[in-house]
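Please keep the structure open while you read.

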Amino acid sequence: LKFADSSRPNTLQSRASSSAVVTMGGMCGKSAEAPVNAQRRRLSVSQSDQVQTQGDDNRGLHAVTSGGDLMDLFPNSGRKMSIGGAQAAGPQKGFENKKVELMGDKDFLATKHVGFACKKGLKPESPNQDDFFILQVDEWGMYGVFDGHGPCGHDVSLFVNKNLPGQIVRDGAFATKPDQAFVNAFKTTHNMMQGDKCSFDASLSGTTCTVVLQRENSIWAAHAGDSRAVLAYKKGNQWVAEDLTPDHKPELEGEKKRIQSSGGEVRKLAGDIPHRVFAKGKMYPGLAMSRSLGDNVAHTVGVSEVPDVKMATVTDEAKFVIVCSDGVWEFISSQEAVELVSRYEVSKVQDATDNLCKEAWKRWIDEEGNVVDDITAIVIWINPV
(Lines give C-alpha, C1' and ligand atoms only; values in the text may rest on other atoms or scores of the structure.)
Protein backbone atom coordinates (compact mmCIF):
# COMPACT_ATOMS: atom_id res chain seq x y z
CA LEU A 1 0.00 0.00 0.00
CA LYS A 2 1.17 3.49 -0.79
CA PHE A 3 -0.34 5.62 1.94
CA ALA A 4 0.49 8.87 0.16
CA ASP A 5 -2.40 8.59 -2.29
CA SER A 6 -6.01 9.69 -1.97
CA SER A 7 -7.20 6.23 -0.89
CA ARG A 8 -4.95 6.01 2.16
CA PRO A 9 -6.37 4.07 5.13
CA ASN A 10 -7.62 6.20 8.01
CA THR A 11 -6.74 3.97 10.96
CA LEU A 12 -3.83 1.96 12.25
CA GLN A 13 -6.08 -1.10 12.34
CA SER A 14 -6.75 -0.94 8.61
CA ARG A 15 -3.01 -0.77 8.00
CA ALA A 16 -2.30 -3.67 10.31
CA SER A 17 -4.88 -5.91 8.66
CA SER A 18 -3.14 -5.79 5.32
CA SER A 19 -0.40 -8.20 4.30
CA ALA A 20 1.07 -5.73 1.83
CA VAL A 21 4.45 -4.10 2.41
CA VAL A 22 4.06 -1.01 4.54
CA THR A 23 5.95 1.96 3.20
CA MET A 24 8.29 2.40 6.14
CA GLY A 25 8.19 -0.75 8.11
CA GLY A 26 8.24 -4.03 6.19
CA MET A 27 5.33 -6.53 6.17
CA CYS A 28 2.29 -4.93 7.78
CA GLY A 29 0.43 -7.36 10.01
CA LYS A 30 3.11 -10.05 9.82
CA SER A 31 5.27 -10.85 12.79
CA ALA A 32 8.04 -12.71 10.94
CA GLU A 33 11.22 -10.69 11.11
CA ALA A 34 13.12 -10.09 7.87
CA PRO A 35 16.62 -8.66 7.47
CA VAL A 36 16.76 -4.94 6.84
CA ASN A 37 17.34 -3.66 3.31
CA ALA A 38 21.14 -3.31 3.19
CA GLN A 39 20.89 0.07 1.51
CA ARG A 40 18.78 1.41 4.38
CA ARG A 41 20.77 0.05 7.32
CA ARG A 42 21.93 3.54 8.36
CA LEU A 43 18.82 5.50 7.32
CA SER A 44 15.97 6.70 9.51
CA VAL A 45 13.39 4.17 8.31
CA SER A 46 14.01 0.50 7.66
CA GLN A 47 11.96 0.39 4.44
CA SER A 48 10.30 2.96 2.23
CA ASP A 49 8.22 2.87 -0.91
CA GLN A 50 9.02 5.27 -3.71
CA VAL A 51 8.85 8.82 -2.46
CA GLN A 52 5.62 10.55 -3.42
CA THR A 53 6.15 13.71 -5.48
CA GLN A 54 4.20 15.64 -8.06
CA GLY A 55 6.54 15.91 -10.99
CA ASP A 56 10.22 15.87 -10.19
CA ASP A 57 10.79 17.47 -6.79
CA ASN A 58 7.47 19.29 -6.59
CA ARG A 59 6.07 19.01 -3.10
CA GLY A 60 2.53 19.93 -3.95
CA LEU A 61 0.54 22.69 -2.34
CA HIS A 62 0.46 23.23 1.41
CA ALA A 63 -1.02 25.91 3.64
CA VAL A 64 2.28 27.22 4.95
CA THR A 65 3.66 30.47 6.29
CA SER A 66 5.87 32.15 3.69
CA GLY A 67 9.13 33.90 4.48
CA GLY A 68 7.38 37.18 3.78
CA ASP A 69 4.70 36.43 6.37
CA LEU A 70 7.43 35.65 8.89
CA MET A 71 9.09 39.01 8.24
CA ASP A 72 5.76 40.74 8.89
CA LEU A 73 5.91 39.55 12.50
CA PHE A 74 8.69 42.08 13.23
CA PRO A 75 7.38 45.45 11.95
CA ASN A 76 9.51 47.50 14.35
CA SER A 77 12.82 45.71 13.82
CA GLY A 78 15.73 47.55 12.25
CA ARG A 79 17.33 44.68 10.31
CA LYS A 80 15.80 41.30 9.62
CA MET A 81 16.14 38.43 7.19
CA SER A 82 15.16 34.80 6.75
CA ILE A 83 16.52 32.09 4.55
CA GLY A 84 15.27 28.55 4.14
CA GLY A 85 14.87 25.60 1.84
CA ALA A 86 12.64 25.74 -1.23
CA GLN A 87 11.47 23.11 -3.69
CA ALA A 88 13.71 22.33 -6.64
CA ALA A 89 12.51 22.93 -10.19
CA GLY A 90 13.58 19.42 -11.20
CA PRO A 91 15.71 16.42 -10.18
CA GLN A 92 18.91 17.22 -8.32
CA LYS A 93 22.24 15.45 -8.49
CA GLY A 94 24.07 14.07 -5.48
CA PHE A 95 25.74 16.75 -3.34
CA GLU A 96 23.85 19.49 -5.15
CA ASN A 97 22.83 22.41 -2.96
CA LYS A 98 19.21 22.82 -2.03
CA LYS A 99 17.39 25.72 -3.61
CA VAL A 100 16.79 28.47 -1.04
CA GLU A 101 14.39 31.33 -0.49
CA LEU A 102 15.78 34.54 1.03
CA MET A 103 13.58 37.30 2.41
CA GLY A 104 14.42 40.66 3.97
CA ASP A 105 17.83 42.30 4.27
CA LYS A 106 20.02 40.25 1.94
CA ASP A 107 23.27 41.64 3.35
CA PHE A 108 22.43 41.08 7.01
CA LEU A 109 23.54 37.46 7.21
CA ALA A 110 27.09 38.28 6.16
CA THR A 111 27.50 40.46 9.26
CA LYS A 112 26.44 37.58 11.53
CA HIS A 113 29.14 35.06 10.58
CA VAL A 114 26.74 32.23 9.70
CA GLY A 115 27.41 29.49 7.17
CA PHE A 116 24.90 26.96 5.83
CA ALA A 117 24.65 24.08 3.38
CA CYS A 118 21.94 21.56 2.53
CA LYS A 119 23.15 18.82 0.19
CA LYS A 120 21.15 16.16 -1.61
CA GLY A 121 22.38 12.69 -0.76
CA LEU A 122 22.29 9.39 -2.64
CA LYS A 123 19.40 7.76 -0.80
CA PRO A 124 17.85 4.91 -2.77
CA GLU A 125 14.55 6.50 -3.73
CA SER A 126 14.17 10.12 -2.74
CA PRO A 127 14.83 13.79 -3.40
CA ASN A 128 16.54 15.93 -0.77
CA GLN A 129 14.32 15.46 2.28
CA ASP A 130 16.36 17.72 4.55
CA ASP A 131 15.27 21.30 5.14
CA PHE A 132 16.46 24.25 7.24
CA PHE A 133 15.83 27.86 8.15
CA ILE A 134 17.82 30.83 9.42
CA LEU A 135 16.05 33.82 10.98
CA GLN A 136 18.00 36.93 11.99
CA VAL A 137 16.21 39.84 13.67
CA ASP A 138 18.38 42.70 14.95
CA GLU A 139 20.60 41.14 17.65
CA TRP A 140 19.01 37.71 17.95
CA GLY A 141 18.86 34.71 15.67
CA MET A 142 17.04 31.39 15.37
CA TYR A 143 18.16 28.39 13.33
CA GLY A 144 16.47 25.10 12.46
CA VAL A 145 17.35 21.79 10.82
CA PHE A 146 14.79 19.20 9.71
CA ASP A 147 15.63 15.72 8.42
CA GLY A 148 12.62 14.20 6.67
CA HIS A 149 12.05 10.48 6.20
CA GLY A 150 9.48 8.21 4.58
CA PRO A 151 7.63 8.56 1.27
CA CYS A 152 6.37 12.06 2.13
CA GLY A 153 9.32 13.06 4.30
CA HIS A 154 10.18 16.02 2.09
CA ASP A 155 6.59 17.27 2.44
CA VAL A 156 6.78 16.98 6.22
CA SER A 157 10.13 18.75 6.52
CA LEU A 158 8.96 21.54 4.22
CA PHE A 159 5.73 21.94 6.17
CA VAL A 160 7.54 22.11 9.51
CA ASN A 161 10.16 24.47 8.08
CA LYS A 162 7.50 26.89 6.86
CA ASN A 163 5.20 26.72 9.89
CA LEU A 164 7.25 26.09 13.02
CA PRO A 165 9.23 29.38 13.14
CA GLY A 166 6.02 31.42 13.04
CA GLN A 167 4.43 29.22 15.70
CA ILE A 168 7.43 29.82 17.97
CA VAL A 169 7.65 33.60 17.68
CA ARG A 170 3.86 34.08 17.85
CA ASP A 171 3.64 32.15 21.11
CA GLY A 172 2.92 34.37 24.10
CA ALA A 173 5.79 32.77 26.05
CA PHE A 174 8.46 33.50 23.42
CA ALA A 175 9.66 36.78 24.93
CA THR A 176 10.08 35.54 28.49
CA LYS A 177 9.93 31.72 28.45
CA PRO A 178 11.20 30.49 25.09
CA ASP A 179 11.48 26.94 26.41
CA GLN A 180 7.70 26.83 26.82
CA ALA A 181 7.20 28.46 23.43
CA PHE A 182 9.25 25.68 21.85
CA VAL A 183 7.18 22.96 23.47
CA ASN A 184 3.92 24.62 22.45
CA ALA A 185 5.06 25.18 18.87
CA PHE A 186 6.38 21.64 18.38
CA LYS A 187 3.07 20.22 19.58
CA THR A 188 0.97 22.59 17.48
CA THR A 189 2.94 21.99 14.29
CA HIS A 190 2.78 18.23 14.78
CA ASN A 191 -0.97 18.36 15.35
CA MET A 192 -1.43 20.33 12.13
CA MET A 193 -0.38 17.18 10.25
CA GLN A 194 -3.10 14.97 11.75
CA GLY A 195 -6.18 13.77 9.90
CA ASP A 196 -7.53 14.37 6.43
CA LYS A 197 -7.13 18.15 6.53
CA CYS A 198 -3.43 17.74 5.81
CA SER A 199 -2.69 17.77 2.07
CA PHE A 200 -0.02 15.06 2.36
CA ASP A 201 0.14 11.75 4.23
CA ALA A 202 2.17 11.89 7.44
CA SER A 203 1.09 8.44 8.62
CA LEU A 204 4.44 6.86 7.81
CA SER A 205 6.49 9.98 7.10
CA GLY A 206 8.01 12.49 9.48
CA THR A 207 10.97 14.68 10.30
CA THR A 208 13.47 15.43 13.00
CA CYS A 209 13.26 18.95 14.38
CA THR A 210 16.09 20.89 15.99
CA VAL A 211 15.86 24.63 16.66
CA VAL A 212 18.48 26.86 18.28
CA LEU A 213 17.71 30.37 19.56
CA GLN A 214 20.50 32.81 20.42
CA ARG A 215 19.34 35.89 22.30
CA GLU A 216 21.57 38.19 24.35
CA ASN A 217 23.87 35.95 26.40
CA SER A 218 21.73 32.81 26.24
CA ILE A 219 21.22 29.91 23.87
CA TRP A 220 18.19 27.65 23.87
CA ALA A 221 18.19 24.39 21.93
CA ALA A 222 14.99 22.39 21.40
CA HIS A 223 14.93 19.09 19.58
CA ALA A 224 12.96 16.00 18.67
CA GLY A 225 15.03 13.33 16.92
CA ASP A 226 18.71 13.06 16.07
CA SER A 227 19.61 16.30 14.26
CA ARG A 228 22.21 17.43 16.74
CA ALA A 229 23.23 20.89 17.95
CA VAL A 230 26.72 21.30 19.40
CA LEU A 231 28.26 24.24 21.27
CA ALA A 232 32.00 24.76 20.76
CA TYR A 233 34.16 26.14 23.54
CA LYS A 234 37.78 27.24 23.37
CA LYS A 235 39.46 26.52 26.67
CA GLY A 236 43.05 27.70 26.49
CA ASN A 237 44.40 26.13 23.32
CA GLN A 238 41.87 23.30 23.33
CA TRP A 239 38.56 23.11 21.52
CA VAL A 240 35.82 21.32 23.44
CA ALA A 241 32.43 20.18 22.09
CA GLU A 242 29.28 20.11 24.22
CA ASP A 243 26.15 18.45 22.87
CA LEU A 244 23.16 20.73 23.35
CA THR A 245 20.79 18.06 22.05
CA PRO A 246 21.43 14.40 22.94
CA ASP A 247 20.08 12.16 20.16
CA HIS A 248 16.65 10.68 20.83
CA LYS A 249 17.39 7.00 20.29
CA PRO A 250 14.78 4.27 20.99
CA GLU A 251 17.12 2.15 23.08
CA LEU A 252 17.64 4.87 25.71
CA GLU A 253 16.04 3.74 28.97
CA GLY A 254 13.49 6.53 29.32
CA GLU A 255 12.55 6.52 25.64
CA LYS A 256 12.24 2.73 25.53
CA LYS A 257 10.03 2.70 28.63
CA ARG A 258 7.62 5.22 27.08
CA ILE A 259 7.47 3.25 23.81
CA GLN A 260 6.82 -0.07 25.57
CA SER A 261 4.10 1.43 27.79
CA SER A 262 2.36 2.69 24.63
CA GLY A 263 2.24 -0.69 22.92
CA GLY A 264 5.46 -0.44 20.96
CA GLU A 265 8.75 -2.28 21.13
CA VAL A 266 12.36 -1.55 20.32
CA ARG A 267 14.28 -4.03 18.20
CA LYS A 268 17.40 -4.25 16.07
CA LEU A 269 16.88 -6.19 12.85
CA ALA A 270 19.38 -8.63 11.40
CA GLY A 271 22.02 -6.71 9.44
CA ASP A 272 20.76 -3.36 10.71
CA ILE A 273 22.76 -0.61 12.44
CA PRO A 274 20.31 1.27 14.72
CA HIS A 275 17.59 0.09 17.06
CA ARG A 276 14.13 0.91 15.72
CA VAL A 277 10.58 1.44 16.96
CA PHE A 278 7.96 -1.14 15.96
CA ALA A 279 4.39 -1.88 16.88
CA LYS A 280 4.50 -4.91 19.16
CA GLY A 281 4.95 -8.08 17.10
CA LYS A 282 4.86 -6.17 13.80
CA MET A 283 7.34 -4.92 11.22
CA TYR A 284 6.22 -1.30 11.10
CA PRO A 285 6.96 1.60 11.42
CA GLY A 286 10.70 0.78 11.77
CA LEU A 287 11.69 4.27 12.90
CA ALA A 288 15.28 4.78 14.11
CA MET A 289 14.43 7.61 16.52
CA SER A 290 12.09 7.95 19.48
CA ARG A 291 10.85 11.52 18.87
CA SER A 292 9.83 13.29 15.69
CA LEU A 293 7.14 15.43 14.09
CA GLY A 294 4.71 13.65 11.78
CA ASP A 295 5.10 9.85 11.81
CA ASN A 296 1.48 9.49 12.91
CA VAL A 297 1.55 5.68 13.08
CA ALA A 298 4.75 5.71 15.15
CA HIS A 299 3.13 8.16 17.55
CA THR A 300 0.46 5.57 18.37
CA VAL A 301 3.21 3.34 19.80
CA GLY A 302 5.14 5.82 21.92
CA VAL A 303 7.10 8.09 19.59
CA SER A 304 6.70 11.68 20.84
CA GLU A 305 6.74 15.17 19.34
CA VAL A 306 7.54 16.82 22.69
CA PRO A 307 11.02 18.37 22.53
CA ASP A 308 13.74 18.42 25.11
CA VAL A 309 14.89 22.02 25.66
CA LYS A 310 18.27 23.04 27.04
CA MET A 311 19.53 26.52 27.92
CA ALA A 312 23.21 27.47 27.93
CA THR A 313 24.88 30.73 28.93
CA VAL A 314 27.23 32.31 26.41
CA THR A 315 30.55 32.74 28.23
CA ASP A 316 33.76 34.15 26.78
CA GLU A 317 34.85 30.58 26.04
CA ALA A 318 31.71 29.77 24.00
CA LYS A 319 32.58 30.42 20.36
CA PHE A 320 30.23 28.80 17.84
CA VAL A 321 27.28 26.46 17.41
CA ILE A 322 26.95 23.67 14.84
CA VAL A 323 23.51 22.32 13.90
CA CYS A 324 23.42 19.34 11.52
CA SER A 325 21.27 16.50 10.30
CA ASP A 326 22.59 13.00 10.92
CA GLY A 327 24.03 13.02 7.42
CA VAL A 328 26.93 14.70 9.22
CA TRP A 329 26.76 12.95 12.58
CA GLU A 330 26.65 9.39 11.23
CA PHE A 331 30.43 9.34 10.75
CA ILE A 332 31.70 12.55 12.37
CA SER A 333 31.68 13.02 16.14
CA SER A 334 30.73 16.29 17.79
CA GLN A 335 34.33 16.85 18.86
CA GLU A 336 35.72 16.22 15.40
CA ALA A 337 33.16 18.55 13.81
CA VAL A 338 34.20 21.33 16.18
CA GLU A 339 37.85 20.76 15.33
CA LEU A 340 37.13 20.78 11.59
CA VAL A 341 35.26 24.09 11.80
CA SER A 342 37.85 25.66 14.12
CA ARG A 343 40.53 25.36 11.41
CA TYR A 344 38.85 28.19 9.51
CA GLU A 345 38.85 31.90 10.34
CA VAL A 346 35.56 33.45 11.37
CA SER A 347 35.32 35.25 8.02
CA LYS A 348 35.54 31.86 6.26
CA VAL A 349 32.55 30.34 8.05
CA GLN A 350 30.90 29.36 4.76
CA ASP A 351 34.05 27.53 3.66
CA ALA A 352 34.12 25.76 7.03
CA THR A 353 30.50 24.67 6.62
CA ASP A 354 31.06 23.43 3.08
CA ASN A 355 34.14 21.50 4.16
CA LEU A 356 32.24 19.81 7.00
CA CYS A 357 29.62 18.61 4.50
CA LYS A 358 32.29 17.50 2.04
CA GLU A 359 34.01 15.42 4.72
CA ALA A 360 30.71 13.85 5.75
CA TRP A 361 29.97 12.93 2.11
CA LYS A 362 33.39 11.35 1.71
CA ARG A 363 32.90 9.17 4.77
CA TRP A 364 29.50 7.97 3.59
CA ILE A 365 31.03 6.95 0.26
CA ASP A 366 33.95 5.22 1.96
CA GLU A 367 31.64 3.29 4.29
CA GLU A 368 28.45 2.70 2.31
CA GLY A 369 29.48 3.02 -1.34
CA ASN A 370 26.43 4.20 -3.27
CA VAL A 371 24.24 5.30 -0.33
CA VAL A 372 24.62 8.77 1.22
CA ASP A 373 22.09 10.43 3.48
CA ASP A 374 21.08 14.04 2.83
CA ILE A 375 23.52 16.39 4.58
CA THR A 376 22.62 19.70 6.24
CA ALA A 377 24.84 21.93 8.37
CA ILE A 378 24.54 25.39 9.89
CA VAL A 379 27.52 27.00 11.67
CA ILE A 380 26.87 30.11 13.80
CA TRP A 381 29.69 32.10 15.35
CA ILE A 382 28.30 33.58 18.57
CA ASN A 383 31.50 34.97 20.07
CA PRO A 384 34.11 35.50 17.34
CA VAL A 385 36.54 37.44 19.52
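**Notes on the model**

1. The side chain of Asp-374 reaches the backbone nitrogen of Gln-129 at 2.8 Å, and a polar atom of that side chain lies 2.7 Å from the backbone nitrogen of Gly-121. Polar contacts here are pairs of N or O atoms within 3.5 Å, where, within protein, one must be able to donate a hydrogen and the other to accept it, and where residues adjacent in sequence count only if both atoms are side-chain atoms.

2. Before going further, note that this is a predicted model, in which local features need pLDDT of at least 70 and side-chain atom pairs count only at pLDDT 80 or more, while totals for chains, interfaces and linings use all residues. Residues are numbered from 1 along each chain as its sequence is written, and side-chain values use heavy atoms, with hydrogens and water left out.

3. Where does Asp-374 lie? Asp-374 is in the loop between helix H8 (349–368) and strand S19 (375–381), helices (H or I, at least four residues) and strands (E, at least two) being DSSP runs numbered from the N terminus. Asp-374 counts as buried because its relative accessibility is 1%, and buried means under 20% relative accessible area, exposed over 50% and partly exposed in between (1.4 Å probe, protein chains only). Leaving aside neighbours within four places in sequence, Asp-374 is in contact (heavy atoms within 4.5 Å) with several residues, including Lys-119, Lys-123, Asp-130 and Ser-325.

4. The largest nonpolar core has 32 residues, and those with the most contacts inside it are Leu-135 and Met-142; such a core is a set of buried Ala, Val, Leu, Ile, Met, Phe, Trp, Tyr and Cys residues joined through side-chain atoms within 4.5 Å. The largest share of this core, six residues, comes from H3. Not counting residues up to four places away in sequence, Leu-135 touches, among others, Leu-70, Phe-74, Trp-140 and Val-169. In soluble globular proteins, nonpolar side chains tend to be buried together.

5. How many disulfides does the structure hold? It holds zero disulfides, a disulfide being a pair of cysteine sulfur atoms within 2.5 Å. For Cys-324, the closest cysteine sulfur is in Cys-357, and because the two sulfurs are 6.7 Å apart, they are too far for a bond. Cys-324 is also buried, with a relative accessible area of 0%.
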